Amino acid sequence: MTTVPPLIVVEGDHLAMGEQLGARTADLIARSLETYTARFRDQAGLDDSTIDGWGHRYYTLAQEYDPGIAAMLEGMATGSGQSLARIAALNARTELLYGTGYRDEGCTSLAVLPSHTRDRHTLLAQNWDWHPEQADVTFLLATRDPSGFSVLSLTEAGMLAKSGLNSAGLGVCANLLVSDRDTGGEGIPYHFLLRGALNAKTMSKAHQRLLPVRRISSGNVLLADAGGEAVDFELAPDVFGTLVPENGLLAHANHFMAVLPLRDLKAATSALTQLRPTRARHLLASATEQRTVTPADVVRVLRDDWSYPDGICRWPDPDVPAKDQVSTVYSIVMDLTTRTLWIAPGPPRDHAYTRWDLDTLFDEGAAAPALDFLPEASAND
C-alpha cells in the first residue's frame with residue numbers, strides 16, 4: 001500500500017553522506033537489491049558475476065563522470081553492508097534491463113514559468129507512475145554538503161536520485177523514453193545523469209552534466225530554475241532533442257516530441273502518452289492565459305483522472321495482472337523560487353500533499369511538515 005514517504009536527512013562530504021544513507025536505509029536497500037537482482041537474473045539472464053562485473057564498471061564510470069556520485073555509492077555500500085558493485089549495478093537498473101521489456105514506467109511532467117504564475121514563482125511538477133509496491137522502498141532524500149549546498153529528491157532505496165530540487169533553485173523531473181538507439185554496455189547510466197543534474201548549481205552546469213556525455217539509454221529530463229527558465233531534453237545515445245515552453249508552459253510524457261533520427265519504441269504503447277501533455281495544457285489554459293497559475297492549479301492537473309485508469313492521475317488497471325500493475329506511486333509539486341516541495345502518495349486524487357521547505361529542513365528543531373491540498377472528500381469533512 002502506498003504511504004507518505006519518510007524523509008532521510010544526511011550531511012557531510014559525499015562519502016559520509018553515503019555512509020549515513022546506507023546505514024539508515026539498510027533494510028530498504030536489501031529489499032530493493034533483492035527485487036532488482038531477481039529481475040536482472042530472470043529477465044535479463046545475468047548471473048551474479050556479470051551483474052557485479054558491470055557494477056564495477058559503472059562505478060569506475062561514476063568516478064570519471066562525478067566523483068561525488070562515486071563517493072556516495074562507496075559510502076552507501078559501506079553503510080548498508082552491501083557490495084559496492086551491486087549498489088552501482090542497482091543505479092544502472094535501466095541499462096542492465098535493456099531489451100527485457102521491463103520498461104512500463106510512465107510519468108507526466110510540467111513546468112510553468114514565473115511570467116505565467118500568480119506569485120511570479122517557477123513551478124515544476126510530476127506524477128511518477130511505476131509499480132505500486134515500490135512505494136514501500138521509496139523515500140525523500142535530503143543531502144547537505146560542507147559548503148551548505150543541499151538537494152531534496154525522491155529516491156528508491158539504494159539509488160541516489162529521481163525528481164527533486166536543490167538549494168540553488170534548480171529542479172529536475174524525469175520521464176521514461178525508449179528508442180532503437182538504446183543499448184546495454186558502457187556509458188553513463190540515466191540515474192547518474194539525474195543526480196548529476198541535481199548536483200549542478202546553475203542551469204548551464206546542469207546542461208553539461210546531461211548533454212556532452214556518452215549515453216546508453218534514452219530518457220527525458222525536464223529542467224527549470226528559480227531564475228525563470230525551463231528546458232526539456234529528450235536524451236538518447238549520441239543525439240538529443242530540445243523543447244522550450246510555449247505560453248509559459250512546458251509539459252512532457254513518455255514519447256519523443258522533437259524530430260530526431262531514431263525510432264520511438266514507447267510512443268504507441270505507453271498509456272495515453274500521446275495526450276497527457278496536451279491534456280495538461282488544456283487544464284491549465286485559462287490560468288496560463290490569465291497568468292495566474294498557482295500550485296493548487298498544478299495539483300488539480302496531477303489529480304486529473306480523465307480516461308481512467310490511464311490518465312495523468314493513473315490508477316491500477318483491474319484487467320492487468322497484479323505483478324504488472326502500474327499506477328501513480330508519488331506526485332510531486334515544486335516551487336523553485338521558495339525551494340518548497342509538496343509530495344502525495346498515489347493516486348494523488350485521494351491523498352493530501354505533505355509540504356517540505358528545503359531552506360529550513362536542516363534547521364535544528366525544524367517544524368513538522370504541513371499537509372496541503374487536501375483531497376476533496378477530506379476538505380469537505
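Is Ser 217 buried or exposed? Ser 217 is buried, with a relative accessible area of 5%; buried means under 20%, exposed over 50%, and partly exposed in between, with a 1.4 Å probe and protein chains only. The model is predicted: local features need pLDDT of at least 70, side-chain atom pairs count only at pLDDT 80 or more, and totals for chains, interfaces and linings use all residues. Residues are numbered from 1 along each chain as its sequence is written, and side-chain values use heavy atoms, with hydrogens and water left out.

Ser 217 lies in the loop between helix H8 (203–210) and strand S8. Helices (H or I, at least four residues) and strands (E, at least two) are DSSP runs, numbered from the N terminus. The side chains of Ser 217 and Glu 95 are joined by a polar contact of 2.6 Å. Such a contact is a pair of N or O atoms within 3.5 Å; within protein, one must be able to donate a hydrogen and the other to accept it, and residues adjacent in sequence count only if both atoms are side-chain atoms.

Asn 220 sits in S8 (residues 219–225). Asn 220 counts as buried, at 0% relative accessibility. Its side chain makes a polar contact with that of Asp 232, at 2.7 Å.

**Nonpolar cores**

A nonpolar core is a set of buried Ala, Val, Leu, Ile, Met, Phe, Trp, Tyr and Cys residues joined through side-chain atoms within 4.5 Å. The largest has 95 residues, and Leu 152, Leu 210 and Leu 223 have the most contacts inside it. A second, separate core of 19 residues includes Leu 249, Val 298, Val 301 and Trp 342.

**Backbone features**

Most residues other than glycine have a negative phi, and most peptide bonds are trans. The table lists exceptions.

| Site | Feature | Value |
|---|---|---|
| Tyr 308 to Pro 309 | cis peptide bond | omega about 10° |
| Gly 346 to Pro 347 | cis peptide bond | omega near -15° |
| Asp 238 | positive phi | phi near 75° |
| Leu 272 | positive phi | phi near 60° |

Pro 309 is in the loop between H10 and strand S12 (327–335). Pro 347 is in the loop between strand S13 (340–345) and strand S14 (353–357). Asp 238 lies between strand S9 (230–236) and strand S10 (239–243), in a loop. Asp 238 is exposed, with a relative accessible area of 71%. Leu 272 falls in the loop between strand S11 (249–252) and helix H9 (276–290). At 23% relative accessibility, Leu 272 is partly exposed.
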